[in-house]
Amino acid sequence: MTSQTGTSSVQPLLQPVRLGALELPNRVVMAPMTRARAHNVDLAPTELQATYYAQRAGAGLIISEGTWVNDEAIGYINVPGIYSEAQTIGWTKVTEAVHEAGGQIVSQLGHVGAVSHPDHLGGRLPAGPSAVNPGEKSFTPDGPKDTVTPRAFTAAEIADTLAGYRQAAVNARRAGFDGVEIHAQGSHLIPQFLNPHLNRRTDAYGGSTEKRARFLLDVLDAVSDVWGSDRIGVKLSPYWAGGTFTADEQTLADYDQVIKKLGDSDLAYLHLLGRPDALTGTTEERIAPFARYRAQYQGSLVANLGFTQDTGNEIIARGVADAVSFGAPFIGNPDLVERFAQGHPLAESDRATYYAGRTEGYTDYPTIAQG
């Protein structure tokens, strides 16, 4: 095992890996990060996004920021979608720039469900699995606001939403992405269906662990109509807690069943968010949450949340993960992989510009080569 000053020839993070049909030159994945830079009425990526992602093409794989699958999915300001022609054209510019720079990129498909707000939806109530307020915050054009009690999806609306995921997958393919990732993390729509506190349905989509998981599996089926499963990833967060979400043993047992079921799908990878309360713990405590699911899932596993170069190398060396995704380190370090390889220190990023501004704090971070 090497430290920050180790050489690339022996670092597990810098070894190639195959995730389904995706051949990665290294195991450093750029995690999906909302950056709120789509400052236009179309919510379409521009040349600014093309520059941003191309700068980070040294990653073994880039996962795009979460993109809305339809206009009912919107839950944050200035976040791009992938449901319109203008958005698809914008993303084409992004993928072309990434490919020209030698990288690979997949599109993360998302829907916030009940954690949206009428301010995003022209005054309409957001929809969720049931009419239960998730007790979260929605970031609206007028600032953060408390979520409201949503309306429950009708069966027809579920079918329309699944069709939206399928069309988003079609658009991602047209735009030249190398694959897609299904956003099923945090407090968004798919986790809402998995959550027995928010999903009180008595139809085919609620009432048991298996039925609550049906929406996720139906989304996967819809996307698989467009992409081979070996180019599809799913991101889950079993340990997400807060509001109506808990990480108790019953929740983890439910996710045990979901992840075992996903093991039958021949995914490119399963992307797992770690346990937030383990971030200040020992290396053993950080790795343990992933080890639970490594024992249950035999496909490729990507670990996420708070990893450093050393802990990333460690979890791969132990065989607990096949790759590690990094979020915040990629913001201030577009050449993160090169810094890992050469032992250069990491630059600090400016949190004040994470979700605000344009080029500032987005495309203006220099590489080591640029000084």
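Predicted model: local features only at pLDDT ≥ 70, side-chain atom pairs only at ≥ 80, totals over all residues.
Strand β13 spans residues 301–304. In a regular strand, side chains alternate between the two faces of the sheet. In β13, L301 and A303 point one way, whereas V302 and N304 point the other way. These four residues are all buried.

β13 pairs with strand β12 (residues 269–273) in the parallel sense, over four bridges. Within this pairing, L272 has A303 of β13 as its bridge partner. Between β12 and β13 the chain passes through helix α8 (residues 283–294), and this β-α-β crossover is right-handed. β13 also pairs with strand β14 (residues 323–326), again in the parallel sense, over three bridges. Here A323 of β14 is the bridge partner of V302. Helix α9 (residues 309–317) belongs with β13 and β14 to a β-α-β unit that is right-handed.

Most residues other than glycine have a negative phi. L305, in the loop between β13 and α9, has a positive phi near 115 degrees and is not a glycine. The relative accessibility of L305 is 25%, so this residue counts as partly exposed; the limit for a buried residue is under 20%. A positive phi is also found at N78, where the value is about 60 degrees and the residue is likewise not a glycine. N78 is located in the loop between β4 (61–68) and α2 (85–100).

A search of the whole structure gives three cavities of 30 Å³ or more. The largest cavity holds about 130 Å³ of space. Its lining consists of 15 residues, and those nearest the centre of this cavity are N195, F245, T246, T251 and Y255. Helices α4 (189–194) and α7 (249–262) each contribute at least two residues to the lining of the largest cavity. The largest share, three residues, is supplied by α7. By class, the lining of the largest cavity comprises seven nonpolar residues, seven polar residues and one charged residue.

The second largest cavity has a volume of about 50 Å³. L305, described above for its positive phi, is among the residues that line the second largest cavity. The lining of the second largest cavity has five nonpolar residues, one polar residue and two charged residues.

Methods
Residues numbered from 1 in each chain as written. Heavy atoms only, no water. Buried < 20%, exposed > 50% of the residue type's maximum accessible area, 1.4 Å probe, protein only. Pairing = 2+ DSSP bridges. Right-handed = clockwise from strand over helix to strand, strands pointing away. 1 Å grid on protein atoms, 1.4 Å probe; cavity = no way out; pocket = protein on both sides within 12 Å on 5 of 7 lines; lining within 4 Å. Points joined across faces, edges and corners; volume = space filled by probe spheres on them. Nonpolar A, V, L, I, M, F, W, Y, C, P; charged D, E, K, R; others polar.
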